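This briefing covers pocket lining, strand pairing, salt bridges and a few selected residues. The sequence and structure come first, and the notes follow by topic.

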Amino acid sequence: MPSKWILEATSRTGDPVNQITGAPSDSVAVYDKDDLDARLKAARTDPRDLDVTVREMS
């Protein structure tokens, strides 16, 4: 069974993360390991200084 994750990112600087609401945090369902890895890699260099958590969905 393929894994699925919820990735949540929150800006430590208070900058908008959610492009729709302008909120400083957002979450997204991720269904592919390569996609998850790419998102985590991008978050490490994001200028908003993101705090990222990943939870596996069942």
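Seven nonpolar, three polar and five charged residues make up the lining of the largest pocket. The model is predicted. Its largest pocket has a volume of about 330 Å³, and a search of the whole structure finds five salt bridges.

**Largest pocket**

- The lining of this pocket, about 330 Å³ in volume, consists of 15 residues, and those closest to the centre are L7, A9, V17, R39 and R48.
- Strands β1 and β2 and helix α1 each supply at least two residues of the lining.

**R39, a lining residue in a helix**

- R39, one of the residues closest to the pocket centre, has its place in helix α1.
- With a relative accessible area of 35%, R39 is partly exposed.
- Beyond its neighbours within four places in sequence, R39 is in contact with L7, V28 and V30.
- Of these contacts, L7 is also among the residues closest to the pocket centre.
- The C-alpha atoms of R39 and V28 are 10 Å apart in space, and the two residues are eleven apart in sequence.

**Strand pairing**

- β1 pairs with β3 in the antiparallel sense, over eight bridges.
- Within this pairing, S11 has L50 in β3 as its bridge partner.
- β1 also pairs with β2 in the antiparallel sense, over six bridges.
- I6 stands opposite A29 in β2.
- In a regular strand, side chains alternate between the two faces of the sheet.

- K33 and D37 form a salt bridge in which the closest N and O atoms are 2.9 Å apart.
- K33 and D37 are separated by about one helical turn because they lie four residues apart in helix α1.
- Both partners are partly exposed: K33 has a relative accessible area of 46%, and D37 has one of 33%.
- D35 and R39 form another salt bridge, with 3.1 Å between the closest N and O atoms.
- D35 and R39 also lie four residues apart in helix α1, about one turn of the helix.
- D35 is partly exposed at 28% relative accessibility, and R39 is partly exposed at 35%.
- R39 therefore counts as partly exposed, while also being one of the residues closest to the centre of the largest pocket.

- The side chains of D49 and R12 meet in a salt bridge, at 2.9 Å from N to O.
- D49 lies in the loop between α1 (33-44) and β3 (50-57), and R12 lies in the loop between β1 (4-11) and β2 (25-30), so this pair ties together parts that are 37 residues apart in sequence.
- D49 counts as partly exposed at 37% relative accessibility, whereas R12 counts as exposed at 54%.
- R12 and D49 also belong to a network of salt bridges that includes D51.

- L50 is found in strand β3.
- Is L50 buried or exposed? At 14% relative accessibility, L50 counts as buried, because the cut-off for buried is under 20%.
- L50 and R12 are 38 residues apart in sequence, yet their C-alpha atoms are 5.9 Å apart in space.
- Leaving aside neighbours within four places in sequence, L50 is in contact with A9, T10, S11, R12, V17 and A43.
- Among these contacts, S11 is the bridge partner of L50, R12 is the salt-bridge partner of D49, and A9 and V17 are among the residues closest to the pocket centre.

**P24, in the loop between β1 and β2**

- P24 lies in the loop between β1 and β2.
- At 36% relative accessibility, P24 counts as partly exposed.
- Not counting residues up to four places away in sequence, P24 touches A9, T10, S11, G14, D15, P16 and V17.
- A9, T10, S11 and V17 are also in the contact list of L50.
- P24 and W5 are 19 residues apart along the chain, and their C-alpha atoms are separated by 20 Å.

Methods
Residues numbered from 1 in each chain as written. Predicted model: local features only at pLDDT ≥ 70, side-chain atom pairs only at ≥ 80, totals over all residues. Heavy atoms only, no water. Salt bridge = Lys/Arg side-chain N within 4 Å of Asp/Glu carboxyl O. Buried < 20%, exposed > 50% of the residue type's maximum accessible area, 1.4 Å probe, protein only. Contact = heavy atoms within 4.5 Å. 1 Å grid on protein atoms, 1.4 Å probe; cavity = no way out; pocket = protein on both sides within 12 Å on 5 of 7 lines; lining within 4 Å. Points joined across faces, edges and corners; volume = space filled by probe spheres on them. Nonpolar A, V, L, I, M, F, W, Y, C, P; charged D, E, K, R; others polar. Pairing = 2+ DSSP bridges.
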